[in-house]
Amino acid sequence: MTTPVANHWSDRLPPALGRGARAVATTYSRWYNRLPLSIGRGIHRLAIASLITQSILIVSGGAVRLTASGLGCSQWPNCMPGTMTPTPEMGIHGLIEFGNRMLTFVLAAVAIAMIVSVWRIRRTHRTVFWLSIALLCFIPIQAVIGGITVLTDLNPWVVSFHFLASIALVAVATLLVNRTGRESRGEQLVAPGPLTGTMRSLGWTIAITSALALILGTVVTGSGPHAGDPSSPRHGFNLYLVTRIHVVPVYLLVIATLLGLYLVFRTHAAPALKRGYLVLVVAVLAQGAIGYTQFFLGLPIGVVLLHMVGTAFLTAAATNVWDRSTGVVPL
Ligand code: HEM
């Protein structure tokens with residue numbers, strides 16, 4: 001790993017350049033030389049902030065749907081014709097949907113702060129840098145998908161896609177937390193080696209079954225009563241049947257997680273992987289219990305919202321175990 005050196009842009013400029021360009025280069029140079037040369041606690045905290053804010057977006061999107069505020073702003077990017085902000089006539093639904101839209105700016109601020117913090121070490125910490133770039137680039141894409149959701153009157157397939165894009169962002173933020181945490185603690189590896197083929201296979205099984213449970217869950221939602229607006233279209237699938245299909249990968253996930261937990265403790269695996277499995281067991285069992293509770297209680301909005309909190313938690317926990325047991329994503 002090479003150490004980035006102080007950068008004096010103003011020294012490298014052709015002498016023919018004017019004073020303005022020289023002043024800009026000097027300012028950039030001063031600013032650049034103040035940026036961190038390694039990943040410390042500050043950068044790790046920013047990565048954690050990304051993970052938390054991306055998870056909050058999932059829950060706030062859920063609150064929009066469950067309070068039937070999905071069309072609280074009838075337009076996009078304007079809230080309603082001629083105005084970007086809600087008017088008093090739009091009531092609480094306008095405020096809820098507008099609040100959800102505003103969260104985009106908080107996410108963008110955290111993502112920009114992350115990129116600025118790792119700018120000076122971008123060549124020595126390529127994965128951290130590109131994961132940070134991915135987080136920032138995804139935010140406007142996600143905002144546009146949100147716009148398409150509104151313009152299609154909350155078509156359930158588009159709503160699913162919007163939700164799953166947020167899930168992908170939570171996964172990316174988790175990878176960032178693992179890498180920044182590793183370096184801020186002075187550890188050598190994210191995936192504690194050597195990894196056995198069984199641990200790798202279990203890591204992949206956990207990733208695939210979690211992804212299937214998440215995708216199929218959105219089909220259940222699209223068939224259920226919480227459309228986001230009373231006038232919005234529904235899939236029309238049998239709710240009981242799609243729920244049963246949704247829980248098939250959940251059972252496989254439970255089996256893979258318990259097997260992985262048993263193996264990491266039997267083979268004295270690295271503490272980080274043991275902790276990862278313990279957190280995953282809690283996430284899977286809690287999410288399963290909430291899932292059944294909401295189903296048998298007839299989908300009360302408080303419990304459904306808890307199930308959405310659980311999706312963010314489970315995504316982070318499963319991504320962490322996959323990351324630590326496969327080592328696919330470089331440092
Ligand atoms: C690891 C376990 C689980 C995961 C990751 C998971 C994930 C999800 C996801 C992502 C959604 C869609 C959320 C949305 O589109 O807003 C969902 C909805 C749903 N899930 Fe699960 N789920 C799990 C377990 C269960 C279990 C065990 C049940 C039991 C019956 C269940 C029942 C439901 C129901 C009924 C819905 C529809 C809620 C609605 O209408 O809004 N889930 N789940």
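Mentor: Let us begin with a definition: a crossing is left-handed if the near helix is turned anticlockwise from the far one by less than a right angle, and right-handed if clockwise. Helices (H or I, at least four residues) and strands (E, at least two) are DSSP runs, numbered from the N terminus. In the present case, α7 passes α10 in a left-handed crossing. The model is a predicted one, in which local features need pLDDT of at least 70 and side-chain atom pairs count only at pLDDT 80 or more, while totals for chains, interfaces and linings use all residues. Residue numbers start from 1 along each chain as its sequence is written.

Trainee: How many helices and strands does the protein chain have?

Mentor: The protein chain has 10 helices and 0 strands. Its C-alpha trace spans about 75 × 65 × 25 Å along the principal axes.

Trainee: By what quantities are two packed helices described?

Mentor: Two packed helices are described by the angle between their axes and the distance between the axes. Axes are lines fitted to C-alpha atoms, for helices over the stretch in contact, and angles run from 0 to 180 degrees between N-to-C directions. Angles under 35 degrees count as roughly parallel, over 145 as roughly antiparallel, 65 to 115 as roughly perpendicular and the rest as oblique. Helix α7 (residues 197–223) and helix α10 (residues 301–326) pack at about 155 degrees, their axes being 8 Å apart. α7 is therefore roughly antiparallel to α10.

Trainee: Which residues of α7 and α10 make the contact?

Mentor: Two residues are in contact if their C-beta atoms, placed from the backbone, lie within 7 Å. Those of α7 include Met 199, Leu 202, Trp 204 and Ile 206, and those of α10 include Leu 314, Ala 318, Val 321 and Trp 322. The contact of α7 with α10 divides into 10 nonpolar, 6 polar and 1 charged residues.

Trainee: At what angle do α6 and α10 pack?

Mentor: Helix α6 (residues 156–184) and α10 pack at about 45 degrees, with axes 9 Å apart. α6 is therefore oblique to α10. The crossing of α6 past α10 is right-handed. Among the residues in this contact are Ile 167 and Val 170 of α6 and Thr 311 and Thr 315 of α10; α10 also uses Thr 311 and Thr 315 in its contact with α7.

Trainee: Is Leu 253 buried or exposed?

Mentor: A residue is buried if 20 or more other C-beta atoms lie within 10 Å of its own, exposed if 12 or fewer, and partly exposed in between, with C-beta atoms placed from the backbone. Leu 253, found in helix α8, counts as buried because it has 27 C-beta neighbours inside 10 Å. Leaving aside residues up to four places away in sequence, Leu 253 touches Ile 206, Thr 209, Ser 210, Ala 213 and Val 284.

Trainee: Which residues come nearest to the ligand?

Mentor: A residue is near a molecule or strand if its C-beta atom, placed from the backbone, lies within 6 Å of it. Of the 28 residues around the ligand, Gly 217, Thr 221, Gly 224, Gly 291 and Phe 295 come nearest. The largest share of the shell, 7 residues, is from α9. The shell divides into 14 nonpolar, 14 polar and no charged residues.

Definitions and conventions. Ala, Val, Leu, Ile, Met, Phe, Trp, Tyr, Cys and Pro count as nonpolar, Asp, Glu, Lys and Arg as charged, and the others, Gly among them, as polar.
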